[in-house]
Amino acid sequence: MIVDFEIVEEPCGFELVGRSAPVVGDAFASVGMRLMEEVFANIAVAGAESTGIIHWVYLPEGQMFVGLELVPGSNFPSDLEPLAFEIPRSLRHLHVGPYHDLPAKWKALEAELEALGESSTTPSLEVYGHHSEDPARQETMIIIALEPSRGD
């Protein structure tokens with residue numbers, strides 16, 4: 001499977017609030033869904049406003065963080081944790097299609113990176129913000145952190 005992607009050499013940063021948990025095996029979807037429900041419940045209880053853009057962040061050592069960006073000036077939900085990070089270089093790919101196709105897409109992107117002699121690192125993430133009831137139109141931005149280029 002050949003996929004369209006771009007290598008971005010400029011850093012991108014994120015400031016999120018959410019929840020983290022360890023992932024055992026390949027249970028990313030079930031852990032992510034549980035964390036997402038907890039985050040939305042805490043946002044609602046705190047009366048906080050978010051952008052509605054959901055970030056599933058894959059951290060080192062099997063940790064996963066699910067979070068949102070808060071609208072500036074919004075209440076900070078005390079039951080959520082902050083996560084701020086920057087990715088200096090990345091691969092970016094817009095996946096359009098069913099969410100259940102994402103694991104295969106990640107494998108294809110990792111194969112493309114290997115063919116280019118690139119190495120991924122953490123954190124990497126999926127950004128959800130354009131939900132559609134039609135699975136063929138669901139959009140997910142995949143951002144894979146890359147090791148520094150050989151010239152750095």
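Predicted model: local features only at pLDDT ≥ 70, side-chain atom pairs only at ≥ 80, totals over all residues.
Trainee: How many residues does helix 2 have, and what distance does helix 2 reach from its first C-alpha to its last?

Mentor: Helix 2 covers residues 102-116, and the residue that follows, Gly117, has a positive phi, near 80 degrees. At 1.5 Å a residue the expected span is 21 Å, and the model comes close to that. Helix 2 therefore has 15 residues and, taking the span as defined, reaches 21 Å from its first C-alpha to its last.

Trainee: Why do the buried residues of helix 2 lie on the same side, and what arc do they cover?

Mentor: The buried residues are Leu102, Lys105, Trp106, Ala108, Leu109, Glu112 and Leu113. They lie on the same side of helix 2 because they cover an arc of only 165 degrees around the axis. An α-helix has 3.6 residues a turn, so residues three or four places apart point the same way.

Trainee: Is Val23 buried or exposed?

Mentor: Val23 has its place in the loop between strand 2 (12-22) and helix 1 (28-46). Leaving aside neighbours within four places in sequence, Val23 is in contact with Phe28, Val31, Gly62 and Met64, and the C-alpha atoms of Val23 and Met64, 41 residues apart along the chain, are separated by 6.6 Å. With a relative accessible area of 11%, which is under the 20% cut-off, Val23 is buried.

Trainee: What kind of aromatic pair do Tyr58 and Trp106 form?

Mentor: A search of the whole structure finds five aromatic pairs, and in this one the ring centres are 5.7 Å apart with 80 degrees between the planes. The pair links Tyr58 in strand 3 with Trp106 in helix 2, 48 residues apart, and ring pairs also join Phe28 to these two in a cluster. Since planes over 60 degrees apart meet the cut-off, the pair of Tyr58 and Trp106 is edge-to-face.

Trainee: How many residues apart in sequence are the parts tied together by Tyr99 and Tyr128?

Mentor: Tyr99 is partly exposed at 26% relative accessible area, whereas Tyr128 counts as buried at 11%. Their ring centres are 5.3 Å apart and their planes stand at 80 degrees, so this pair is edge-to-face. Because Tyr99 lies in the loop between strand 6 and helix 2 and Tyr128 in strand 7, the parts tied together are 29 residues apart.

Definitions and conventions. Residues numbered from 1 in each chain as written. Heavy atoms only, no water. Helix = DSSP H or I, 4+ residues; strand = E, 2+ residues; numbered from the N terminus. Buried < 20%, exposed > 50% of the residue type's maximum accessible area, 1.4 Å probe, protein only. Arc of directions from axis to C-beta. Contact = heavy atoms within 4.5 Å. Phe/Tyr/Trp six-rings, centres within 6.5 Å; stacked < 30°, edge-to-face > 60°.
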